[in-house]
Amino acid sequence: MRAFGDIEEGCYIDVGAQHPLIDSVSRAFYEKGWRGIHVEPVPAYAQALRQDRPDETVVQAVLGNRNGRIIFYEILDTGLSTSVQSIAQQHAAHGFRVVETEVEQTTLASVFDNAGNHQIHWLKIDVEGDELSVLRSWLRHPARPWVVVVESTLPLCQSLTHQTWESYLRVRGYSFVYFDGLNRFYLHKDHLDFKPRFSHGPCVFDDFALSGLATASFCTHVLSTQEMHLQSTANNQ
């Protein structure tokens with residue numbers, strides 16, 4: 001938002017969009033007047049996106065090199081669903097409920113086509129271990145979003161993965177500008193004037209507030225001892 005704060009009606013593509021409110025990367029932009037495309041293979045989340053964002057495009061599919069149907073592993077009630085069997089097996093071993101289904105597969109190139117003539121300001125890719133397949137499916141499409149954000153660690157850990165797919169961005173004119181501990185941010189060479197806006201993480205000068213709708217623990221308000229005492233007193237009264 002620091003980078004794009006002065007753009008009122010931008011366009012985004014959110015690959016692995018999940019829920020329209022909870023943990024949504026696009027929500028703040030949507031409320032500012034931006035519109036875009038959501039790629040989400042899990043039926044419940046795709047339907048929630050359609051209901052909450054009727055004026056946006058929802059592509060209910062995974063992204064890969066070709067069109068067709070593939071096996072997909074839905075990790076129930078989480079944002080961890082994946083098309084990578086080995087990752088799904090690891091989640092199952094840790095007690096997550098895994099449902100194997102068939103879903104449609106299309107290409108990132110075709111998603112770019114859906115954007116028409118709109119300038120794409122940011123592309124986010126969060127596909128739980130299958131980032132390489134998504135970037136390969138860019139194919140020869142000429143689209144160049146200003147900023148590309150890619151989840152860059154293996155699911156639920158800090159092991160970096162960008163070495164396997166970063167070259168697919170560099171060859172298209174992107175350079176790395178920021179890492180937030182989970183995601184890597186890449187800026188296209190035509191917009192290098194934006195680079196200073198990625199020099200540091202969110203801070204007090206960004207004038208932001210947490211929505212309270214995220215599942216991350218840093219969004220959870222922890223009551224102080226004094227607040228708990230006051231709350232207890234009020235309840236007793």
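Predicted model: local features only at pLDDT ≥ 70, side-chain atom pairs only at ≥ 80, totals over all residues.
View A. Zero disulfides are found in a search of the whole structure.

**View B. The salt bridge between D52 and R27.** The closest N and O atoms of this pair are 2.4 Å apart. D52 lies in helix 2 (residues 43-52) and R27 in helix 1, so the pair, 25 residues apart, links distant parts of the chain. R27 counts as buried at 19% relative accessibility, whereas D52 is partly exposed at 28%. Both residues belong to a network of salt bridges that also includes E31, R53 and E56.

**View C. The salt bridge between D77 and R97.** Here the closest N and O atoms are 2.5 Å apart. D77 sits in the loop between strand 5 (68-75) and helix 3 (85-93), and R97 in the loop between helix 3 and strand 6 (98-106). The two residues are 20 residues apart and link distant parts of the chain. D77 is exposed, with 65% relative accessibility.

**View D. The salt bridge between R170 and E166.** The closest N and O atoms are separated by 3.4 Å. R170 is partly exposed, at 44% relative accessible area, while E166 is buried, at 12%. The whole structure holds 13 salt bridges.

View E. Q18 is buried, its relative accessible area being 17%. Apart from neighbours within four places in sequence, Q18 contacts D23, E40, Y45, L49, T78 and G79.

Conventions: Residues numbered from 1 in each chain as written. Heavy atoms only, no water. Disulfide = S-S within 2.5 Å. Buried < 20%, exposed > 50% of the residue type's maximum accessible area, 1.4 Å probe, protein only. Contact = heavy atoms within 4.5 Å. Salt bridge = Lys/Arg side-chain N within 4 Å of Asp/Glu carboxyl O. Helix = DSSP H or I, 4+ residues; strand = E, 2+ residues; numbered from the N terminus.
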